[in-house]
Amino acid sequence: MNVAVVTVGDELLAGRTTDTNATWLCSELDDRGVTVGRVTTVPDRVADIARVVNEYRAEYDAVIVTGGLGPTHDDLTMDGVAAALGREVEEHDAALAWLEEDGYTRDDLAAGTADLPAGARALHNDAGVAPGAALEGVYVLPGVPAEMKAMFESIADEFAGTQTYRETVVAAEAESALLDRIADVRERFDVSVGSYPGESVRLELTGTDEATVADAAGWLRERVDSP
């Protein structure tokens, strides 16, 4: 399964808020064997949201959009997703029913709180108020991290892929000096290798067969200088 992640918010692009949602989602999806092919941040503009969602839903099995939910003037994600899918935005009866079960009345809710793209499946917000939505492979989640995580957990089983395994080898050598051994381990074993320099070089070996990854890591550890 291949997925794109889209985070929405002017505050993300201005650097006022750190985009922890994308990092958390990518980690969760990777743990489920899902490949994340794109992570994109867009401003609070309907046209930008619609353009990116429309492009990615044609290329990926699913698109996860976070941020910009609610009834305020800059909460435009539902409008953008609706535009991408050629839908109207309308009040959603199931979302209203959930909110009423949580103790809210229509008078308590700001206008537009339960507005979703027509035909969407409402996703209940167990940690907040604004509901999410799912339709045509597009999943719309809140931007508040606690709300986003809780809502993703409710749909996590809809994301699955080939289980991957990972082993880390740390080398006290220059990254450029390791190129020959990286090439050798890739040739000998069916693994991919990521190289991440720092005080030491962290080599991450990934593959779909646990034993192969373990063997590759063992082979490589014997051939690098450990810190």
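Which residues are exposed on the other side of α5? Asp93 and Glu101 are. The report returns to that helix below.

**Basis.** This is a predicted model, in which local features need pLDDT of at least 70, side-chain atom pairs count only at pLDDT 80 or more, and totals for chains, interfaces and linings use all residues. Residues are numbered from 1 along each chain as its sequence is written, and side-chain values use heavy atoms, with hydrogens and water left out.

**Overall build.** The C-alpha trace of the chain spans about 70 × 35 × 35 Å along its principal axes. Its secondary structure comes to eight helices and 11 strands. Helices (H or I, at least four residues) and strands (E, at least two) are DSSP runs, numbered from the N terminus. Of the 227 residues in the chain, 43% are buried. Buried means under 20% relative accessible area, exposed over 50%, and partly exposed in between, with a 1.4 Å probe and protein chains only. Contact means heavy atoms within 4.5 Å. Among contacts between residues at least 6 apart in sequence, 66% join residues at least 24 apart.

**Domains.** The bounds come from an automatic or database domain assignment. The centres of domain 1 and domain 2, taken over C-alpha atoms, are separated by 37 Å.

| Region | Residues |
|---|---|
| Domain 1 | 2-158 |
| Domain 2 | 165-222 |

An unreviewed UniProt entry places the feature "domain: MoaB/Mog" at residues 4-163. UniProt positions are given in the numbering used here, feature names are shortened, and annotations may be inferred rather than shown by experiment. Over residues 4-163 the chain is 37% helix and 22% strand. The end C-alpha atoms of that stretch are 18 Å apart.

**Helix α5.** This helix covers residues 93-101. Its buried residues are Ala95, Leu96 and Leu99. They lie on the same side of α5, because they cover an arc of only 100 degrees around the axis. The arc is that of the directions from the helix axis to the C-beta atoms. An α-helix has 3.6 residues a turn, so residues three or four places apart point the same way. The cover over the buried residues of α5 includes β4 (89-91) and β6 (121-123). Glycine 103 follows α5, and its phi is positive, near 105 degrees.

**Two loop residues.** Glycine 86 sits in the loop between α4 (77-85) and β4. Glycine 86 is exposed, at a relative accessible area of 68%. From glycine 86 to arginine 188 is 102 residues in sequence and 50 Å in space, C-alpha to C-alpha.

Glutamate 173 lies in the loop between β9 (165-171) and α7 (179-188). Buried or exposed? Glutamate 173 is buried, with a relative accessible area of 16%. Its side chain makes a polar contact with the side chain of arginine 181, at 2.8 Å. A polar contact is a pair of N or O atoms within 3.5 Å; within protein, one must be able to donate a hydrogen and the other to accept it, and residues adjacent in sequence count only if both atoms are side-chain atoms. Not counting residues up to four places away in sequence, glutamate 173 touches Leu178, Arg181, Val201, Arg223, Val224 and Asp225.

**Aromatics.** The structure holds five aromatic pairs. In one of them, the rings of tyrosine 56 and tyrosine 60 have centres 5.8 Å apart and planes at 85 degrees, so the pair is edge-to-face. Rings of Phe, Tyr and Trp (its six-membered ring) pair if their centres lie within 6.5 Å; planes under 30 degrees apart count as stacked, over 60 as edge-to-face and the rest as tilted. Both tyrosine 56 and tyrosine 60 are buried. One aromatic cluster is formed by Trp24, Tyr139, Phe152 and Phe159.
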